[in-house]
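User: I'd like to learn how to read a model like this one, feature by feature. Could you walk me through it?

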Amino acid sequence: MEKYGYKFSFGPWNIHEGADPFGPPVRPSISFDQKLEAYQRLGFDAVQFHDDDAIPDLDDKSPDQIVKEARALKQRLDAAGLVAEFVAPRLWEHPITVDGAYTSNDPKARAYAIERSHKTLDIANTLETGFVVLWFAREGTYQREAKDAARAVDLLAEALDDMLAYAPNMRIAIEPKPNEPMDISYIPTIGHAVALGYKTRAPERCGVLVESAHAVLAGLDPADEMAFGLAYDKLWSVHLNDQNGLKFDQDRAFGSVNLRRAFDQVLVLDDNRFYEKGIVGLDVKAVRTQKPEVAEKHLINSRDIFLWLVERARSLDRKVMQQCIDARDYEELDRLILEHLMTRG
Ligand code: 3MF
Ligand code: MG
């Protein structure tokens, strides 16, 4: 299939055992080696890593040991013809981060978060990606009074400043999410994430990653969240997926819930030449009912839908579209878009 200049990535967590909060895994675990083979077989270009996807049991290893193992991983990626897109610190599993990492009320937790972030930056450096992503999983509260929300923003900016100074060539993108696991999260939208970058010592190295489902959970339109990031030249990656209403984070295959909403994301990305700026990341999970032998289809389907929608975006009759806009005949615009989406190019 024509790739229109796009490169694609996903994370090892996107080949998933199907566990949910109410039931155990329903599919066997796939080893990292098998996953690397899947990246190649499925024709993907890049791998997104959590720090411990790259280096398991990170907390028990010294910085030297971590760099040594990261070098070996880099060789394996090279041999597989893959690159690392980014590395993200996993700051939500260690018991010390139960009440947050960078914004915990406990200074020991904050120190752990900074130390772990340094390890993430070392791994990113060794994997030769100049790019780290932060998802602020537990930076928020269940009881609003439990933390000082204004101080939390300062603590996040201080943590970013520390990372920007520790790794002077690294770019850092924030992936906002409004809720889950915390009830109410700090930095819930792209506007917050862009603003936080400007509070740091190096705003030019601070950007954002939009995840479609996270935008929907914030009651916002993912295409407009992307447009906001693009307008500031801050949209450095995306996590495309889909989301059926305001419930748990579903990570459904791209376009599977709302095809027009998916089209609008592709339209804004393609019109703004995202293929020259970043890699298209898919943060999708196979639903729990999917059998193991067909539990990679969500990845292939999401990429194919994206590419079909690129074709639809590029073949859209922009003259007719403009006529509808000029005439303020937006009902006709609705019809034009829907008819175009129902016609396969
Ligand atoms: C949670 C997410 C995360 C991030 C990842 C990289 C576990 O809803 O989307 O995936 O994508 O941590 O920042
Ligand atoms: Mg994500």
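User: Among contacts in the protein chain between residues at least 6 apart in sequence, what percentage join residues at least 24 apart?

Analyst: Some ground rules to begin with. This is a predicted model, where local features need pLDDT of at least 70 and side-chain atom pairs count only at pLDDT 80 or more, while totals for chains, interfaces and linings use all residues. Residues are numbered from 1 along each chain as its sequence is written, chains are lettered from A and ligands numbered from 1 in the order in which they are written, and side-chain values use heavy atoms, leaving out hydrogens and water. Now, a contact means heavy atoms within 4.5 Å. Among those between residues at least 6 apart in sequence, 76% join residues at least 24 apart.

User: And the overall build: how many helices and strands does the protein chain have?

Analyst: Helices (H or I, at least four residues) and strands (E, at least two) are DSSP runs, numbered from the N terminus. The protein chain has 12 helices and 10 strands. Its C-alpha trace spans about 60 × 45 × 40 Å along the principal axes.

User: What does the radius of gyration say here?

Analyst: The radius is taken over C-alpha atoms, and the globule rule is 2.2 Å times the number of residues to the power 0.38. For 345 residues that puts a compact globule near 20 Å, and the protein chain agrees, with 20 Å.

User: What share of the residues count as buried?

Analyst: Buried means under 20% relative accessible area, exposed over 50%, and partly exposed in between (1.4 Å probe, protein chains only). In this model 52% of the 345 residues are buried.

User: How many salt bridges does a search of the whole structure find?

Analyst: The general idea is that side chains of opposite charge can pair when their charged atoms come close. The cut-off for a salt bridge is a side-chain nitrogen of Lys or Arg within 4 Å of a carboxyl oxygen of Asp or Glu. The search finds 24 of them. Some are linked: Asp 51, Asp 52, Asp 53, Asp 59, Arg 90 and Arg 116 make up a network.

User: Which residue forms a salt bridge with Lys 74?

Analyst: That's Glu 128, with the closest N and O atoms 4.0 Å apart. Glu 128 sits in the loop between helix H4 (107-126) and strand E4 (131-134), and Lys 74 in helix H3 (residues 63-79), so the pair ties together parts 54 residues apart in sequence. Glu 128 is exposed at 64% relative accessible area, whereas Lys 74 is buried at 16%.

User: Which side chain meets Arg 273 in a salt bridge?

Analyst: Glu 276 does, at 2.8 Å, N to O. Arg 273 is partly exposed, at 42%, and Glu 276 is exposed, at 52%.

User: Let's look at helix H10. Is Ser 302 buried or exposed?

Analyst: Ser 302, in helix H10 (residues 297-315), is buried, with a relative accessible area of 0%. Setting aside residues up to four places away in sequence, Ser 302 touches Ala 253, Phe 254, Leu 282 and Val 284.

User: Which residues does Arg 312 touch?

Analyst: Arg 312 is also placed in helix H10 and counts as buried, at 9% relative accessibility. Not counting residues up to four places away in sequence, Arg 312 touches Phe 263, His 340, Leu 341, Thr 343, Arg 344 and Gly 345. The C-alpha atoms of Arg 312 and His 340 are separated by 7.2 Å, with the two residues 28 apart along the chain.
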